[in-house]
Amino acid sequence: MRGLNFDIAHFLAGTLVLLSFMQLYQDRLTALLHIFALHALVLALSVGWQAYVQDAPHLYVTAAIALVFKAIVIPVVLRRIIVRLGIHREIETVGGIGLTMLAGIGLVALSMVVILRVTGGADPFAREDLAFALAVILLGLLMMVSRRNAVSQVIGFMSLENGLVLAATGAKGMPLVVEISVAFSILIAFIVIGIFLFRIRERFDTVDVGALDRFRGDRA
Amino acid sequence: MSIADAAVMAVLVIPALAAGLLAFLPNYRIGAAVNVAAALFTFLAAALLLLQRPALDHYLFIDDLNNVFITLTTFVGFTTSVFSASYIAHELKIGRLTPINLRFYHAMYQTLMFALNLALVANNIGLMWVAVEIATLTTVLMVGIYRTHEALEAAWKYFILGSVGIALALFGTILVYLAAQPVIGAGFDSMVWTTLVARAATFDAGILNLAFIFLLLGYGTKIGLAPLHAWLPDAHAEGPTPISAVLSGLLLNVALYALLRFKILLAVNPNAIAPAPLMVIMGLVSLVFAAFMLYRRRDIKRFFAYSSIEHMGIVTFAFGLGGALANFAGLLQMTMHSLTKSAIFFAVGHIAQAKGTQRFAQIHGLSESNPSLAFAFALAVVAIAGLPPFGIFKAEFLLATSTFAREPWLAAIFGFGLLIAFGALIIRLQDVLFGKPSPSEAIPMATLFPLYAHLAIVLAAGIYLPQPLVRWFEAVAKMLG
C-alpha cells in the first residue's frame, strides 16, 4: 500500500528539511535551540512512522532515543550552558542570510537531482527519504560553515546527524547495530562537546570560535 | 575455539580491558607499565594471526589485506607506548600534565588501540564505521589534553572536521547498504563485507558510485587528503607527541584501509565508475600541496604533519593508480611511512623536550648539544626524504618507475612533488642539526630504543625484502586490483 503511508513519511521528511531551513536564519541562540528541539521531535515522529510502516519494532528504540535525548535532554542542557555563559540574549551576526538561503536552496535541489536520478532502481520509500535526508545533511553542513559560534556549530552538527538517522531508518531492514551506534555516538559526541564548551569558556571567556583563531599556532 | 580465534579476540579484548583498568590506576608509573604490557601482548596476539587465520565470521575476519594493517598497528602501538612512558615522565616533571591527566591519557590510549584494531578486523561496514568514529573521538580528547589555547583550538577543529568526515562516511555506508539490499536482502547480511564483495557485481552501479564519492570525502578527511586536511597539522602539533606518532602512523592508515575496502567493492562491479582517477588526483594534489607547504612551517611538529599529508598523498596515488606493481609500492610505502614517521615523532618529542620548544627558530645546533639524539633524528629524516638505502626509497622508486612506464605525465608531477619536499626536509634538517647550539637540557638515553627499532626495520626493508613478505604483499596487491 503506497498511498497514505508513503504520504505521511514524505510529509515528515519534508518537514525536517523545512526546519533545517528555519535553522539557517535564526540569529538568537535560544530560538535556534527551539527549532532544533522541534527538528528532533519531527525526526522521532518520522522514525516512529517508519517503524510502524516497516513493521520493525527495533526502530521504536531509535525513535525513543531521538525523542528523549535529542528533543529533550540535549536542548535543556544546551540551554543551561547558554544561560550560564550569559550569551542567551546575544544576537549572532549571521553573514548574508539571503546568500545562505540561496545556497541552501541550491543544496536541496542538488540532493534531489542526484539521489532521484541515481537511485532509479531502488525502493521509492527509501529513495525519497534518502533525497530528503541528504538535503538535511547538506543544510547541517552549511550551517556549520556559516556560523562562528561554537554552540550553533554543535547544533548544525546535530541536525546533520538527524539527517543521517533519517537516511538509516529509511533504508529498509538496516541492521540495528548502526542505529544504536548512531544514537550512541551522538551521545558521546555531546559529552565531548560539553567538555569542550566548558573548557573553551574556562580559557577564553567566550564561545566565539573566531576568538580561537587568534591563537593560530603557526603564526610566529 | 582455535588459537587463531582466540588471537583475534585477544587483539580486541586486551586493549579494552586495559583501558578499563588504566582508568582506575592512580599511580602513573604502574599505569605506564600496564600500558606497555597491554600493547606488547596485543602485538603478540596479532603476530599469532600471521601464522594462523581464524575461520570466517559475520563480525570479525582476517585476510591478507587487514593482516598487514593489524600487524603494523599493534607493533607501532607497542613501540609508541614505550616511547610514551619516557615522554610523559618528563611532561609530569615540568608540570604540563598531572597524574589525573595521565590516568585519562593511558585509558584513552588503550581505547584508541581497541578502536583501531576493531576497525581493521571488522567484517561489517557498519561496525568498521563505529570503530573509526570511536578512534576519532578518543584522539580528539587526547589532542586537547594540554588545555592550552592552541590545544583547544586544534581539538575543536579536529572534532568538527573529523565529525563531518565521519558523517559523510556513514552516509556512504548507508548507500552501500541500499545498493546491496535488493540483491542480498534486508538485514544483517547486507552489511557483511565478505558477502558484499562476493555479490557486488550485481549491485546497482549508480548507488555504488554515489556511495564511493561520500566514502572518499568522508574517509578522505580522516586520511588527511588535500583539500580536506585542515585538521591534521593542528592536531599533530598541539597534542602530546606520542599521539602525533599514532595519528600519523596508525589512524591515517586505518582510514585509508576503510577506503581501500570500498575500492575493492567498486572494482568488482563492472558498471561502477573507476575510483582510480579520483584517488590519483587527490593523491597528487596532496603531495604537491603539502610539499610546498613544508617551506613555510615554523613549528617542527606541524612541519612533519605536512610531511604526513605528503606521504598519504603518495600512498593514495599509488593505490589509485592500481596494478600489481603500483599497489605493491603503495603498500610498502604505507608501511615504511608509518614506521619512519612515528620514529621521527619519537625523536621530535625528545628534541622538543630537550630544547623546551617546538619552534624551528629556537632549535639549533642539536648535533653539539645532544649528539646521539641528533644522529637518530638525522637518520630518520634521511629515511623519510626517500634517500637510499632506506625502505621509502625502494617504495618511491618502484612507484616512480611503474608510473613512468604507464603515465609519464603523472610520473613527472610525482617526481616534482618529491623533489620539492626533499628540498624542504634537507633545509630544515640542517637548521636543526647545525649552527650555534640553542640552550638545551639532557634527556635520558634509554628512550631511543623504539626509534632505532623502527629505523632498523625500515633499513632492512630497504636493503632486502624477505621472500615470504614479498609474496604476502603481492597477494594483497592482487586483491586490490
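**Notebook: helices and rings of chain B**

I began with B:Tyr59, which is partly exposed at a relative accessible area of 48%; buried means under 20%, exposed over 50%, and partly exposed in between (1.4 Å probe, protein chains only). I note that this is a predicted model, in which local features need pLDDT of at least 70 and side-chain atom pairs count only at pLDDT 80 or more, while totals for chains, interfaces and linings use all residues. Residues are numbered from 1 along each chain as its sequence is written, chains are lettered from A and ligands numbered from 1 in the order in which they are written, and side-chain values use heavy atoms, with hydrogens and water left out.

**Entry on rings**

I looked up the aromatic pairs; rings of Phe, Tyr and Trp (its six-membered ring) pair if their centres lie within 6.5 Å, and planes under 30 degrees apart count as stacked, over 60 as edge-to-face and the rest as tilted. The count by this rule is 20 aromatic pairs over all chains. For B:Tyr59 and B:Phe188, I found ring centres 5.2 Å apart and planes at 50°, so this pair is tilted. The pair links distant parts of the chain, 129 residues apart: B:Tyr59 is in the loop between α2 and α3 of chain B, and B:Phe188 is in the loop between α6 (149-184) and α7 (193-199). B:Phe188 is partly exposed, with a relative accessible area of 25%. I also recorded one aromatic cluster, formed by B:Phe303, B:Phe304, B:Phe360 and B:Phe377.

**Entry on helix α1**

I then turned to α1(B), residues 3-22; helices are DSSP runs (H or I, at least four residues), numbered from the N terminus. Its 20 residues reach 27 Å from first C-alpha to last, close to the 28 Å expected, where the expected span is 1.5 Å times one less than the number of residues. I noted a kink of about 35° centred on B:Ala10; the bend at a residue is the angle between axes fitted to the seven residues ending there and the seven starting there. The buried residues of α1(B) include B:Val8, B:Val11 and B:Pro15. Among what covers the buried residues of α1(B) are α2 (28-51), α3 (64-93) and α4 (99-121) of chain B.

**Entry on two further residues**

I found B:Thr335 in helix α13 (residues 324-355) of chain B. B:Thr335 is buried, with a relative accessible area of 10%. Leaving aside neighbours within four places in sequence, B:Thr335 is in contact (heavy atoms within 4.5 Å) with B:Val68, B:Leu72 and B:Phe473. B:Ile281, in helix α11 (residues 276-293) of chain B, is exposed at 53% relative accessible area.

Methods
Helix = DSSP H or I, 4+ residues; strand = E, 2+ residues; numbered from the N terminus.
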